[in-house]
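Let's take a walk through a protein together, from its overall make-up down to single side chains. Have a look at the picture first, then read on.

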Amino acid sequence: LYGYTSQNDSNWLGITPRGLMKFEADTGKWLDLPGTDGKPTKRRVLLGEDEYASGFAADPNGLYLSVKGKSMVRRYDPETLEVAEEYNIAGAGEICRVGGRLLVVASDSLVALDPRSGTTRKLASGDFSGATAVAAK
């Protein structure tokens, strides 16, 4: 389970390795999302059948999923839930948002990704292949 908590907004939750739901803590209700057929749905599958998320983060500009084994982070438009951009990061795994940037655990490094410009910067090198989470203050 991946979660995102924000002030004055609802919470995005990755309920399955491929799906997404949205919860409004103030009302205790699961919110409708736009379905691929245009109809509202409570759960939206974002990844293909052979794809699984290894990391999830969100900010007002999008939802970010790292795709296991594909060396990429995808940004989804928060309104339409369609793929808006893809960022190539070798061995991309766990991710978290820090200010306007994302921290991405790659197999051999910790990377800062600026989603506005698409630029990356290696923060640390080493064997991160066993990392199961990333967090920052």
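This is a predicted model: local features need pLDDT of at least 70, side-chain atom pairs count only at pLDDT 80 or more; totals for chains, interfaces and linings use all residues.

## The big picture

Start with the secondary structure: this protein has zero helices and 15 strands. Residues are numbered from 1 along each chain as its sequence is written, and side-chain values use heavy atoms, with hydrogens and water left out.

Of the 137 residues, 41% count as buried. Buried means under 20% relative accessible area, exposed means over 50%, and partly exposed is in between (1.4 Å probe, protein chains only). The protein exposes about 7,800 Å², and carbon and sulfur atoms supply 47% of that; such areas come from the Shrake-Rupley method with a 1.4 Å probe, and for residues only the protein chains shown count as cover. Contact means heavy atoms within 4.5 Å. Among the contacts with a separation of 6 or more, 31% are between residues 24 or more positions apart.

Strands of a sheet pair through backbone hydrogen bonds, either parallel or antiparallel. In this report, two strands pair if DSSP finds at least two bridges between them.

## A strand wrapped up on both sides

How many residues of strand β14 are buried? Six of the six (residues 109–114), so β14 is largely enclosed by the rest of the structure. On one side sit S109, V111 and L113, on the other L110, A112 and D114, and all are buried.

Strand β13 (residues 101–106) is joined to β14 by five bridges and runs antiparallel to it, with L102 opposite L113. A hairpin of two residues links β13 to β14. Strand β15 (residues 119–125) also pairs with β14 in the antiparallel sense, over six bridges; there, A112 has R121 as its bridge partner. The hairpin between β14 and β15 has four residues, and G118 in the turn has a positive phi of about 80°.

Find R44 in strand β7 (residues 44–45). R44 counts as buried because its relative accessibility is 5%. A polar atom of the R44 side chain lies 2.4 Å from the backbone oxygen of P34. L20 is 24 residues from R44 along the chain, yet their C-alpha atoms are separated by 5.2 Å. The strand β3 (residues 19–24) is joined to β7 by two bridges, antiparallel, and G19 stands opposite V45.

Now look for E51, in the loop between β7 and β8. E51 is buried, with a relative accessible area of 7%. Its side chain reaches the backbone nitrogen of G48 at 2.9 Å. The side chains of E51 and K70 are joined by a polar contact of 3.4 Å. (A polar contact is a pair of N or O atoms within 3.5 Å; within protein, one must be able to donate a hydrogen and the other to accept it, and residues adjacent in sequence count only if both atoms are side-chain atoms.)

## The nonpolar cores

A nonpolar core is a set of buried Ala, Val, Leu, Ile, Met, Phe, Trp, Tyr and Cys residues joined through side-chain atoms within 4.5 Å. Which residues have the most contacts inside the largest core? They are W12, L20, L63, L65 and L81, in a core of 14 residues. β8, β9 (62–67) and β10 each supply at least two residues of this core. Apart from this core lies another, of 12 residues, including V73, Y87, A92 and V111.

Leaving aside neighbours within four places in sequence, L81 is in contact with several residues, among them W12, L20, R44 and L63.
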